[in-house]
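Take a look at how two chains meet in this model. Then turn to a single residue.

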There are 4 protein chains.
Amino acid sequence: MAENGAKRIRLGMVGGGTGAFIGYVHRVASRIDGDYELVAGALSSRPDVAKESGRNIGLAEDRIYTSYEDMARAEAARPDGIEAVSIVTPNHMHYSPAKAFLEAGIHVICDKPITSTLEDARKLAAIKPANGAKFLLTHNYTGYPLIRQARELVASGALGKIRVIQAEYPQDWLTEATTDDNKQASWRTDPARSGAGGAIGDIGTHAYNLARFVTGLKTQAVSADLTSFVPGRQLDDNVHILLRFEGGAKGMLWASQVAVGNENGLQLRVYGDKGGLEWRQDNPNYMWFTEFGKPRQLLTRGGAISGNAVSTMNVRIPSGHPEGYLEAFATLYSQFAAIIRGDGAAYEGLLPTMADGVEGMQFIVASVQSSQNDGKWTRLSDV
Amino acid sequence: MAENGAKRIRLGMVGGGTGAFIGYVHRVASRIDGDYELVAGALSSRPDVAKESGRNIGLAEDRIYTSYEDMARAEAARPDGIEAVSIVTPNHMHYSPAKAFLEAGIHVICDKPITSTLEDARKLAAIKPANGAKFLLTHNYTGYPLIRQARELVASGALGKIRVIQAEYPQDWLTEATTDDNKQASWRTDPARSGAGGAIGDIGTHAYNLARFVTGLKTQAVSADLTSFVPGRQLDDNVHILLRFEGGAKGMLWASQVAVGNENGLQLRVYGDKGGLEWRQDNPNYMWFTEFGKPRQLLTRGGAISGNAVSTMNVRIPSGHPEGYLEAFATLYSQFAAIIRGDGAAYEGLLPTMADGVEGMQFIVASVQSSQNDGKWTRLSDV
Amino acid sequence: MAENGAKRIRLGMVGGGTGAFIGYVHRVASRIDGDYELVAGALSSRPDVAKESGRNIGLAEDRIYTSYEDMARAEAARPDGIEAVSIVTPNHMHYSPAKAFLEAGIHVICDKPITSTLEDARKLAAIKPANGAKFLLTHNYTGYPLIRQARELVASGALGKIRVIQAEYPQDWLTEATTDDNKQASWRTDPARSGAGGAIGDIGTHAYNLARFVTGLKTQAVSADLTSFVPGRQLDDNVHILLRFEGGAKGMLWASQVAVGNENGLQLRVYGDKGGLEWRQDNPNYMWFTEFGKPRQLLTRGGAISGNAVSTMNVRIPSGHPEGYLEAFATLYSQFAAIIRGDGAAYEGLLPTMADGVEGMQFIVASVQSSQNDGKWTRLSDV
Amino acid sequence: MAENGAKRIRLGMVGGGTGAFIGYVHRVASRIDGDYELVAGALSSRPDVAKESGRNIGLAEDRIYTSYEDMARAEAARPDGIEAVSIVTPNHMHYSPAKAFLEAGIHVICDKPITSTLEDARKLAAIKPANGAKFLLTHNYTGYPLIRQARELVASGALGKIRVIQAEYPQDWLTEATTDDNKQASWRTDPARSGAGGAIGDIGTHAYNLARFVTGLKTQAVSADLTSFVPGRQLDDNVHILLRFEGGAKGMLWASQVAVGNENGLQLRVYGDKGGLEWRQDNPNYMWFTEFGKPRQLLTRGGAISGNAVSTMNVRIPSGHPEGYLEAFATLYSQFAAIIRGDGAAYEGLLPTMADGVEGMQFIVASVQSSQNDGKWTRLSDV
């Protein structure tokens, strides 16, 4: 039962079997605020793994499925069937289950990027969900309280007119060639499962989404230089992109899986004609805010001069006690729960949507095309 | 259901009604790893608040109690009664419920400090729990993965013989006089509810416990200077203590509620004749480790050169994705769950016990006595 | 007299009158190690300012000049005439005095960028200096000890094959339109005095030079997007550039004068297939060095695992006692003094040369052209 | 010649021969602002070293002395004799030369601590200098611009009434036993040359002086625990001290030479009932300033909201370009030069004096006595 007295939402999961990273994260996120109860799952495409994984997380035998199609059909038919489903498979396996559950009238929580191709994303966006089923894309970094506050500060005019946006997401875990038994690495470097983008899809989209979420500026065009540094790798592992936004703002985006010394160095810096903001994901409870001509201020999550209700309602504990990645993720889950229950109006504009998913794919495709055309400025609206 | 397939432990709560800080934290901590299901509560000493608070968190009507005595009796009698209880009341209300539940054969998870007086702590320690009921004291900072790793590094000899320990816990939230309607502040500054220590009990014990947990060194004596800076305040809001450890190590402990600019600046620094460690709670996913004559290394939670199974089993997500206060707290809950289920042998020496609680009270009493005696070195064993 | 017993070199200065920033810096730099004695100057193109400024810094009346031509002629004729001259005028006034003094057989220390046009730079490079007069370009950031050490680490192979170079230099001092009485700002935003580049010439060249100095990689081509954000400004105040290096490394360079909250945030990050380096100018006594798969190490200036003689000979005081901008600048001065005296062989490859100056101009011109051609990749060798 | 047109002051030096650390530092400090010209020296008590050292730094043969007595006598008699002398010998060799030069009417710049015994300090303070000769004690950290600004902020009331002062100075260079050929280490660990204090005299006095300089609060009493951790060491290498100030403020001081991982971690934190300040020497161009209830602000040297003329007149270069230890040291030299010339009224209260030197010795003696008396609170006025 949720902390606010609401009944828990019955949740299913597609993907996320034993050994999976992001499926586990979704499960924790669903538990933190007490808004969901996981009751069904098609946790693997391999029946034996699906079975064992389901038992490990305590699912009843009759709600462990070996295919998402069966699960969508059976759960939709049960009076106590799942109300929502989390899709945590590799990218190329997002589209079909998302379609199946939406058409079955079951709310969908889908990991990013939304699909492995722009075509799939557009097809998904064109679906008519049954019973008003909703869709959440887990661009989880938007759930960090200070990212919400950054968005409020920009919207309030505290930064003035935005001029420069620097987004980056360096990692180093793919510095060397990967072996097949590295489950996380193998599908992320395989075009058949990831789509046309490697680092750009896996982490570049996060940095891109964050820049868009905080500034609200629409992207006009990109000029990209994508590289595969590791011999034999088929997808990009380093991404250099210049961005132009409507209204004249300019940006840079760097994403890398080969930047030795960086674990998850997602960083966003935004500068306007009145102020600037700087935030890093690996120490997310702090954000620099500078008004031109005054000293830098270190804002803290939930600390002095926090924003209004929308930004602060997801601050769980007092400032100085760090919240992290899982809490930010959980905020998406619990605010989506409010929307499902019909009392989430305050979050409608905050949670990442199908449209964000399509735009993310446009960003990937436009960047890949630009890179193939020697950096030609490419409009997102042209892909 | 827990991620490992185990059945959830039925949990009750004493204290933690609407508006309480630490009760909420315990509830989140109990949910994160899926090891507990909260099913009963005596959430307030005021019946109406107890009722409303119970409904808010979804308890069944017949398991919302208005006294802990009733709850202990009734739950012990039910076949589906609670197996464990969390006690999250002000300090002076720890002893009686802890005694009641232990004697009812129900495992107790108790917030710190263990009681408001050393006498109560000793009486509690002398109780014979029914049915082998276990006791956990939530010195939650010991749940941080890097604190576990620090303990391992010290135990491994990587720091050599320990010489100097600097522990501190500065806050600023009590910089000004508090008003009665500040629920968190009012009981913490009231000797009747907090006991003889103010800052020393609320946060000094955390810093002390952390130093003891990481180094394993036994304390010999303290020399203290406790101060109440805010006019009219009855308890200390600033604590300056010198420490002597067995074997010759020396330490300093500073705790303050009036250090403007500090939120929860808990910090531990340990230096031996071969190496040094430095860790801060407000950025807990990083720890400095230096071998003498070599450059400082920045260790990360779960990153390169992590420790063995005991320290890493509570790392939930990859390094670079921050975990925080709630996860550290949850680690105590889930590892205590393992102990309750009988498969927690690996954690026996790690989780804070009744004995740690008694020692914490000795530390408070010895420090208060030393301060009253103009800083006379006072042995913990003499109080 | 220098600390090594050598006689001080007689120095003159062109530019650097009262109120000038960089002239003062050069004078301090010339004094720190005791290798120079300033004895003559043409400190301003305005005779009264030249006179007063000369008196202020204690020049003898007969060695205060009102034109650099007079000074070159007169000093070259004196038996005790200056042996070297510092040229610290705005960019467009570098070429002529540099030419005059070199042709008069007087060593030249010239502020960067070398000239205001590439044509001038090439003409200067083609000059035959009399008496073997030498030339130093004060890309002062190359004088930081850890930058020298970074260069050594790269050269030693500690980073492996270089893949990614991220250079940036954000400032915020030109966030708003400047007024004519801001001496520093007015010439830097005036094409007639600065040349075709604004931020790119003033600070972009520093970031570029640093990347080149540390990695030793030759630049192949640039793709640039230069912007003037402040209404009415004629030159770029924000620079976004993608870089390609020979051998396949890729880079990004960001320079900005409108990034609110940044004073002089020059930063260099270099990643190879074995290791990574990160350094910031505003805290220059520290540098991150990571070997893949190991924890980050924080190297300190002159601290553990410092490099060989070449990098450490300019460490003046023990690690932990910060050296700064002026010391880095002074290192160029004192090592150039050694070269002048004929005992500076160790520094020959370290000090920025005429060729570096020409390349800096190529970088500016290629970037401006690329930006005018909508980001077309432009080879430095084609301009 | 100084930047302000004043003639250079003729300077001599006692101590500081080849291989000495602090003598070199004094020489650089004397050069940076161009206020002094070193023309004479008795650089070593060993004649051959004195000779060679003098030649190395370019002294004329007839002004290289082999005893300070000769130097005082001869220089006082010359029309072009030194006007000031720097004393940079080990502690026990401060008193006699200081006395000799003051009585010869020559200004004295003396390294700290002022002497090796309190008795000597008092005798020195009782001397009547000839010709109004002045005395400067080089507590060099007081020359950092942000330390000046901290002092101004406290004096302005921005912090309110001061409550808590935390000063510390950890190093690690004496973690292991030293050998005789380590010149820096050997005299610092020798009571005959250092006096009764080891770490407390070498670095504890710096931390103490800084706390006193910034807050202006008079010390009432100390309670100390001094330790020699390294076997065979005669003097303390770790210092734990509690402080009480007049007016009720409390403090802690930690100094250590065995804190592995610390180079020169001098840190001062001051908290009042309205605000707080935090500063570290190893990154001295930044200072945290927090007004209660507002976000932390990061002040920069010479940046936004800098203080008045007194604090800013020693900012040499724009904020964001770091100044360091040598510049802070140079500020004492150049402001003492102004006092010598008679135009330094603004600095009279800022530069460390004979009285500060005597108080520093009282602090050492009181702390040593307190430690010998098992931490008994000991008044500085009682020693």
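Predicted model: local features only at pLDDT ≥ 70, side-chain atom pairs only at ≥ 80, totals over all residues.

Residues are numbered from 1 along each chain as its sequence is written, chains are lettered from A and ligands numbered from 1 in the order in which they are written, and side-chain values use heavy atoms, with hydrogens and water left out.

Start with chain C against chain A. In contact (heavy atoms within 4.5 Å) are 45 residues of chain C and 45 residues of chain A. The two chains bury about 3,700 Å² between them, with 56% of it on carbon and sulfur atoms. Buried area is the accessible area (1.4 Å probe) that two parts lose on being put together, summed over both. On the chain C side, C:Arg163, C:Val260 and C:Phe292 lose the most area to chain A, together 19% of what that side buries.

Now the charges. Eight salt bridges link chain C and chain A; each is a side-chain nitrogen of Lys or Arg within 4 Å of a carboxyl oxygen of Asp or Glu. One of them pairs C:Lys250 with A:Asp225, where the closest N and O atoms are 3.1 Å apart.

Last, a residue of chain A. Why is A:Gln267 counted as buried? Because its relative accessibility is 10%, and buried means under 20% relative accessible area (1.4 Å probe, protein chains only). Leaving aside residues up to four places away in sequence, A:Gln267 touches A:Gln166, A:Ala167, A:Glu168, A:Trp279 and A:Arg280.

Technical notes: Buried < 20%, exposed > 50% of the residue type's maximum accessible area, 1.4 Å probe, protein only.
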